[in-house]
Amino acid sequence: MEDCLKFLQAGYKVNGIYRLKAAGFNRPHVFCDQTTLGGGWTTFLRRKDGSVNFKQNWKMYRNGFGELTSEFWLGNEIVHGLTESSVAPKKSELLINMQIKGAKSPTYAKYDNFEIGDEASKYILKFSGVSGNASHLTGDNSLNHSNNRRFSTIDADNDDNSSSCSKSYGSVGWWFGNCVYTVLTADYKNIYWHGSSALANFAEMKLRRKL
């Protein structure tokens, strides 16, 4: 089917790997979260144990890498494809689930509108409308610093800093802006949600088409 939400609507309510039917997607298999906040979420980032190397170049972040049963980046191209207007005319939602070190309960942030542009736009990130308990933990919406930012990698410097933010954060890819605050692709020991004041040992990013 076209996405995890379609599978959910058809009665597939178990979390796991599903095969999408979509022309041009380089990774038709995705991990669907069918239980969190109503289900229908396509997971495009997972960090949980440091088993996958996120020091990757532009091509790898574009196409995706890792293992869907473990840690992975699904790929900017498929995330763009799932959020573009022809597939999601009413836009998509973004959900970030985390376990912050030292926190007694899970942390989450949900964004009402989410999309990333095509490769020509450098996979620009756009979102709005946040809810959840993540802002209460850190005092602000830490992902705001990546809003309307272009994606950067060690071999594609598209940030707003005079130097390479990717290089500063260990050669990983992210919507850096000016090298501050949230970097969920950073080295596993330093997965930033709000700089060093809120580090995560588990993080997932998921999208869901709005009805």
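## Salt bridges and a buried loop residue

At 2% relative accessibility, Lys206 is a buried residue, where buried means under 20% relative accessible area, exposed over 50% and partly exposed in between, using a 1.4 Å probe and protein chains only. Welcome to a predicted model, in which local features need pLDDT of at least 70, side-chain atom pairs count only at pLDDT 80 or more, and totals for chains, interfaces and linings use all residues. Residues are numbered from 1 along each chain as its sequence is written, and side-chain values use heavy atoms, with hydrogens and water left out.

**The Lys206 and Asp33 pair**

- Lys206 and Asp33 join their side chains in a salt bridge of 2.5 Å, N to O; a salt bridge here is a side-chain nitrogen of Lys or Arg within 4 Å of a carboxyl oxygen of Asp or Glu.
- This pair ties together distant parts of the chain, with Lys206 in strand β10 (residues 199–209) and Asp33 in strand β2 (residues 29–33), 173 residues apart.
- Helices (H or I, at least four residues) and strands (E, at least two) are DSSP runs, numbered from the N terminus.

**Other salt bridges**

- The count of salt bridges by this rule comes to 12.
- Glu119 and Arg62 form one of them, with their closest N and O atoms 3.2 Å apart.
- Here too the pair links distant parts of the chain: Glu119 sits in the loop between β7 (107–116) and β8 (125–132), while Arg62 is in helix α2 (residues 58–63), 57 residues apart.
- Glu119 is partly exposed at 29% relative accessible area, and Arg62 is partly exposed at 22% relative accessibility.
- Asp49 and Lys48 provide another example, their side chains meeting at 3.1 Å, N to O.
- In that pair, Asp49 is partly exposed at 38%, and Lys48 is partly exposed at 35%.

**A closer look at Asn147**

- You can find Asn147 in the loop between α4 (134–138) and α5 (165–168).
- Asn147 is buried, with a relative accessible area of 19%.
- Leaving aside residues up to four places away in sequence, Asn147 touches Leu125, Lys126 and Phe127, where contact means heavy atoms within 4.5 Å.
- Trp41 and Asn147 are 106 residues apart in sequence and 21 Å apart in space, C-alpha to C-alpha.
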